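My entries follow in the order in which I made them.

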Amino acid sequence: EFRRVLFRSTEVELGQSTEFAYDLRTVFTSASAPGFDALRIYTGGDAAFLRLEMGTPLRPFEPAAVVQEEDALVIQLPEPMTRRNNAPVRVTFSTRLFEFASTFEGEVFARDSDALPQPILPGDASEAMSTNSLRVLSAESGAIGFVQALQRSTGVLTPNGDGVNDRLTLTYSLFRLPGPVPVQLEVYALDGRRIARVDIGLQDAGLRQFVWDGRDERGQLLPPGLYLFSIALETQASQARVLHSLGIAY
């Protein structure tokens, strides 16, 4: 068997693109331990590969390939890591975090082998880093609502079938959720009456999108007028409702 260890920064701002350095040092514990030529870092969402460095001192190398999976980055190394060729490795990538705490687990494997991937373990991989944890925490920066950075495709929805603003696209970020929760679009009249509550479905933390055609939960188009709407989450934690204006016209 052999062990890999890494180190990186552990406190970041939620929703902000942050650069992470993922250091890897391999410890071979037997002469027959197999090598590897690829590693997978579970980032939990979209991540951008920035660079690969190897050796002592670290020098830039071009990876054989970089594969963006749904929740991970796969970096194929330009040369296999073996007991005789055991250089330090650093992968730098950027991503955005939307949860209280995230753990960047990882594994290494040989692409041409049927052997199971070996997990990356936390530990002291490099004196250049300030921590030996796989866990990243969100920085405390005051109260942060569950729904942030909501953007709408138009301020006036015109669902008349002419192909112009027939649908409203809402883009927003969900923060600090323990897991998938039910999400709804709530629409209010100006006097405060709720006139529509449309189920969006289960969503968890991250950048999310919903497209609405101007119909209520019964499938009826709302009449022309000026409305207020919000994205509502069914959670046990209290949340402040943030209302946004929207016009509907035909």
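**Entry 1: threonine 18**

I began with threonine 18, which lies in strand S3; strands here are DSSP runs (E, at least two residues), numbered from the N terminus. The model is predicted, so I kept to its limits: local features need pLDDT of at least 70, side-chain atom pairs count only at pLDDT 80 or more, and totals for chains, interfaces and linings use all residues. Residues are numbered from 1 along each chain as its sequence is written, and side-chain values use heavy atoms, with hydrogens and water left out.

Threonine 18 has 18% relative accessibility and therefore counts as buried (under 20% relative accessible area; exposed is over 50%, partly exposed in between; 1.4 Å probe, protein chains only). I then looked across to serine 94, which is 76 residues away along the chain; the two C-alpha atoms are separated by 5.3 Å.

**Entry 2: aromatic pairs**

I searched the whole structure for aromatic pairs and found four (rings of Phe, Tyr and Trp, the last by its six-membered ring, with centres within 6.5 Å; planes under 30 degrees apart are stacked, over 60 edge-to-face, the rest tilted). For tyrosine 22 and phenylalanine 93 I noted ring centres 6.5 Å apart and planes at 50 degrees, so this pair is tilted. It links distant parts of the chain, with tyrosine 22 in S3 (residues 18–28) and phenylalanine 93 in strand S9 (residues 89–95), 71 residues apart. Both tyrosine 22 and phenylalanine 93 are buried. I also listed one aromatic cluster made of Phe20, Tyr22, Phe93 and Phe104.

**Entry 3: strand S4**

Which strands pair with S4? I found S8 (residues 72–81), antiparallel to S4 over six bridges, and S11 (residues 106–109), antiparallel with four bridges; pairing requires at least two DSSP bridges between two strands. Isoleucine 41 stands opposite leucine 73 in S8, and arginine 40 opposite glutamate 107 in S11. Six of the seven residues of S4 (residues 36–42) are buried, so the strand is largely enclosed by the rest of the structure.

**Entry 4: glutamine 184**

Is glutamine 184 buried or exposed? Glutamine 184, in strand S17, has 3% relative accessibility and so counts as buried. Its side chain makes a polar contact of 3.2 Å with that of arginine 197 (N or O atoms within 3.5 Å; within protein, one able to donate a hydrogen and the other to accept it, with residues adjacent in sequence counted only if both atoms are side-chain atoms). Neighbours within four places in sequence aside, the contacts of glutamine 184 include Val198, Asp199, Ser230 and Glu234 (heavy atoms within 4.5 Å).

**Entry 5: a three-stranded sheet**

I traced an open antiparallel sheet of three strands in the order S14-S16-S19. S14 (147–152) and S19 are the edge strands, each pairing on one side only. S16 and S19 run antiparallel and are joined by seven bridges. Serine 173 stands opposite leucine 207 in S19.
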